[in-house]
Amino acid sequence: TCEFVAKPGGRSPVPPVHPLNQDEPCLVVGLRIDPNASRRVVDRGPPAEDVEGSNAFVSLWGDSAQLRRFQDGAIVRAVVWNL
């Protein structure tokens, strides 16, 4: 079992002073979340006329990628998140 505690301010994990079991491998994964972007319902991708970018976007997001028109008139690939 790996146990880590966050540094004050929650910046990054630090190993405990005495590891619980040095014989077992341990993997630590970090995750940074942007509080301003984490609540977005729609993520915009490339414009519809950018064929290469659109293909890459669809390849990454699969069926979640949609072609959408926005109020500003932009037609782009986008992903809508169901929260």
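## How β3 and β5 pair

Start with strands β3 and β5, which run antiparallel and pair over four bridges. Two strands count as paired here if DSSP finds at least two bridges between them. The strands themselves, like the helices, are DSSP runs numbered from the N terminus, with at least two residues (E) for a strand and at least four (H or I) for a helix. One spot to look at is Asp43, which stands opposite Val79 in β5.

A word on what you're looking at: this is a predicted model, where local features need pLDDT of at least 70 and side-chain atom pairs count only at pLDDT 80 or more, while totals for chains, interfaces and linings use all residues. Residues are numbered from 1 along each chain as its sequence is written, and side-chain values use heavy atoms, with hydrogens and water left out.

## The whole sheet

Zoom out and you get an open sheet of three strands, in the order β3-β5-β4, with antiparallel pairing. The edges are β3 (42-47) and β4 (65-69), each of which pairs on one side only. From one strand to the next, the twist averages 40°; for such angles, axes are lines fitted to C-alpha atoms (for helices, over the stretch in contact), and values run from 0 to 180 degrees between N-to-C directions.

β4 and β5 form a hairpin with five residues between them, and Gly73 in the turn has a positive phi of about 90°. Asp72 sits in that loop between β4 and β5. Asp72 is exposed, at 55% relative accessibility (exposed means over 50% relative accessible area, buried under 20%, and partly exposed in between, using a 1.4 Å probe and protein chains only).

What does the side chain of Asp72 reach? One of its polar atoms lies 2.9 Å from the backbone nitrogen of Ala74. The side chain of Asp72 also meets that of Arg44 in a salt bridge (3.3 Å, N to O). Arg44 belongs to strand β3, so this pair ties together parts that are 28 residues apart in sequence. Arg44 is partly exposed, with a relative accessible area of 45%.

## Counting salt bridges

How many salt bridges are there? The count comes to two, taking a salt bridge as a side-chain nitrogen of Lys or Arg within 4 Å of a carboxyl oxygen of Asp or Glu. In general, side chains of opposite charge can pair when their charged atoms come close.

Besides the Asp72 and Arg44 pair, Arg40 forms a salt bridge with Asp43, with the closest N and O atoms 2.5 Å apart. Both ends are partly exposed: Arg40 has a relative accessible area of 43%, and Asp43 comes in at 21%.

A polar atom of the Ser54 side chain lies 3.3 Å from the backbone oxygen of Pro47.

Leaving aside neighbours within four places in sequence, Ser54 is in contact (heavy atoms within 4.5 Å) with Pro46, Pro47, Ala48 and Arg77.

Key. A polar contact is a pair of N or O atoms within 3.5 Å; within protein, one must be able to donate a hydrogen and the other to accept it, and residues adjacent in sequence count only if both atoms are side-chain atoms.
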